[in-house]
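Student: I am new to this structure and would like a close look at one part of the surface. Please start there, and then show me what surrounds the story elsewhere.

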Amino acid sequence: MPKTQTKYFGEMTYTSDAVVWFPEGLLGFEDKTRFLLLEEPVSSPLCFLQSIDDSSLCFPVMPATQVDAEFRLGLDPQNCRLLSLPIQDEPYPPGTLLCLAIVNFGETAHQAAANLLGPVVIHVAAGKAAQVVQFESDYQLKHPVPGLDKVLTC
Amino acid sequence: VLITLRRRGQSIRIDNDIEIIVLEIQRNKVRIGIKAPQSMRINCSEIVLIQEQNAIASCPPAPVEATLREHFKGSPGASSLVLGKQFSMTSARSADAVGAQPATAQSDLGKSRDADRIG
């Protein structure tokens, strides 16, 4: 099984079905296309998107619905093709997509903010993902996430 | 800041090689075309802002990074892959770290974790 060094969790082995493939990378990181999504129960709901290509690259993330319970993802046909999703008007069955907001820490964890303007969307069954800009929304680049400091100080 | 009134089909020139054309006006949207040399990077502001936020998010400040490292150092459960049916941590202390983990759905990864939250 392949192994990778992680930023916070030491060395990990993983199976190929665990790899999340970003065909276009993330914005500003277009050349990093393979990631693992890691969770650690003690830091829940914080998870980590760890690059396989670059062990020092790891994005703290959390489910977009944990940031804003009302969060509604918008996908255009181009996004759907990129994620190998059927283009349809009705919602996808629950569990089809994993929608994560990248968490940005300020100087201390209690200043944490989550990016709902550019969420990471994973098509779980296909293992494909993309950062999908919500152009037609009012979602914030820095949506405050109070309480994350409690997660990290227990 | 230059403020000017333009109608559909009209344009603005910047120097000799850039033209910004108003293609279509809807109720609260405007479709804009930009003619510029290939070498110029043209992006919606949101894209640039998100690029910057991604760069910042990938490098938390030193105190937060130290907290994260410290936080996970002794965690007995070790971390697990959200996707992928099998995982193992070579540096894991506990055998519990090796096992099956079903793919987690969007709704699950939030709700089911609430119970685990400490604090």
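Tutor: Let's begin with the word patch: its residues have over 30% relative accessible area and no salt bridge, with like charges joined within 9 Å and nonpolar side chains (Val, Leu, Ile, Met, Phe, Trp, Tyr) within 5 Å. Accessible areas come from the Shrake-Rupley method with a 1.4 Å probe, and for residues only the protein chains shown count as cover. A salt bridge puts a side-chain nitrogen of Lys or Arg within 4 Å of a carboxyl oxygen of Asp or Glu. This is a predicted model, where local features need pLDDT of at least 70 and side-chain atom pairs pLDDT 80 or more, while totals for chains, interfaces and linings use all residues. Residues are numbered from 1 along each chain as its sequence is written, chains are lettered from A and ligands numbered from 1 in the order in which they are written, and side-chain values use heavy atoms, leaving out hydrogens and water.

Now to the patch itself. B:I25, B:V30, B:I32, B:I34, B:M40 and B:I42 together make a nonpolar surface patch of about 540 Å². The most, three residues, comes from strand β3 (residues 30–35) of chain B. (Helices, H or I of at least four residues, and strands, E of at least two, are DSSP runs numbered from the N terminus.) B:I42 sits in the loop between β3 and α1 (45–58) of chain B. Its relative accessibility is 44%, so B:I42 counts as partly exposed; buried is under 20%, exposed over 50%, and partly exposed in between (1.4 Å probe, protein chains only).

What chain carries this patch? Chain B has three helices and six strands, in the order β-β-β-α-α-β-β-β-α along the sequence. It has 119 residues, of which 31% count as buried. Its accessible surface comes to about 8,200 Å², and carbon and sulfur atoms hold 52% of that.

Strand β8 (residues 113–123) of chain A runs antiparallel to β9(A) and is joined to it by four bridges; strands pair if DSSP finds at least two bridges between them. A:I122 has A:A129 in β9(A) as its bridge partner. Four residues lie between the two strands of this hairpin, where A:G127 takes a positive phi near 65°.

Aromatic rings are our last stop. Rings of Phe, Tyr and Trp (its six-membered ring) pair with centres within 6.5 Å; planes under 30 degrees apart are stacked, over 60 edge-to-face, the rest tilted. Over all chains the count is six aromatic pairs. One of them is edge-to-face: A:F9 and A:F48, at 5.5 Å centre to centre with 70° between the planes. These two are 39 residues apart, A:F9 in the loop between β1 (3–5) and β2 (11–14) of chain A and A:F48 in strand β5 (residues 47–51) of chain A. A:F9 counts as buried because its relative accessibility is 6%, and A:F48 is buried too, at 0% relative accessible area. A:F71 and A:Y139 form a tilted pair, with 4.6 Å centre to centre and 40° between the planes. A:F71 lies in the loop between α1 (64–67) and α2 (77–82) of chain A and A:Y139 in the loop between β9 and β10 (143–144) of chain A, so this pair ties together parts 68 residues apart in sequence.
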